[in-house]
Amino acid sequence: MAATSASAAPSCYITASAANVRASASTGAPIVGVAYKNYSCTELTGGKFTGSYWWYHLRITKTGVVGYVREDLVHGSGDVHTCIPEYC
């Protein structure tokens with residue numbers, strides 16, 4: 001019998017045509033990567049409100065980049081979704 005994970009981190013995907021992945025939860029923080037529309041991601045921590053935005057700490061599946069993305073550029077946080085296979 002194969003082992004299975006007890007719980008998986010919430011999954012998500014990018015909804016904007018391109019989203020800057022930032023080093024911290026701020027529009028002024030350095031950009032550590034870019035995630036494109038339909039790229040899948042894993043939520044590492046819950047939302048964080050900074051300035052006027054909620055931010056999510058994510059790992060982008062395709063690139064492995066870890067950083068913060070504004071909530072209005074990402075969908076998921078545990079919601080069921082599908083994404084285009086070449087972007088997942």
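## Salt bridge

A salt bridge is a side-chain nitrogen of Lys or Arg within 4 Å of a carboxyl oxygen of Asp or Glu. In this predicted model, the count by that rule comes to one salt bridge. The side chains of R70 and D72 form it, with an N to O distance of 2.7 Å. Side chains of opposite charge can pair when their charged atoms come close.

R70 belongs to strand β6, which covers residues 66-70. Its side chain also counts as making a polar contact with the side chain of D72, at 2.7 Å. Not counting residues up to four places away in sequence, R70 touches T27, Y53, W54 and W55. D72 has a relative accessible area of 44% and is therefore partly exposed.

## Disulfide

One disulfide is found in a search of the whole structure. C12 and C41 are the residues it joins, and the S to S distance is 2.1 Å. C12 and C41 are both buried.

## Nonpolar core

The largest nonpolar core has 14 residues, and those that touch the most other members are I14, A35, C41, L58, I60, V69 and V74. Strands β1, β2 (18-22) and β5 are the elements that give two or more residues to this core. Strand β5 gives the most, with three residues.

In soluble globular proteins, nonpolar side chains tend to be buried together.

I60 lies in strand β5, which covers residues 53-60. Is I60 buried or exposed? With a relative accessible area of 1%, I60 is buried, because the cut-off for buried is under 20%.

Leaving aside neighbours within four places in sequence, I60 is in contact with I14, V21, A35, Y39, S40, C41 and V65. For Y36, the C-alpha to C-alpha distance to I60 is 9.8 Å, and the two residues are 24 apart in sequence.

Definitions and conventions
Residues are numbered from 1 along each chain as its sequence is written. This is a predicted model: local features need pLDDT of at least 70, side-chain atom pairs count only at pLDDT 80 or more; totals for chains, interfaces and linings use all residues. Side-chain values use heavy atoms; hydrogens and water are left out. A disulfide is a pair of cysteine sulfur atoms within 2.5 Å. Buried means under 20% relative accessible area, exposed over 50%, partly exposed in between (1.4 Å probe, protein chains only). Helices (H or I, at least four residues) and strands (E, at least two) are DSSP runs, numbered from the N terminus. Contact means heavy atoms within 4.5 Å. A nonpolar core is a set of buried Ala, Val, Leu, Ile, Met, Phe, Trp, Tyr and Cys residues joined through side-chain atoms within 4.5 Å. A polar contact is a pair of N or O atoms within 3.5 Å; within protein, one must be able to donate a hydrogen and the other to accept it, and residues adjacent in sequence count only if both atoms are side-chain atoms.
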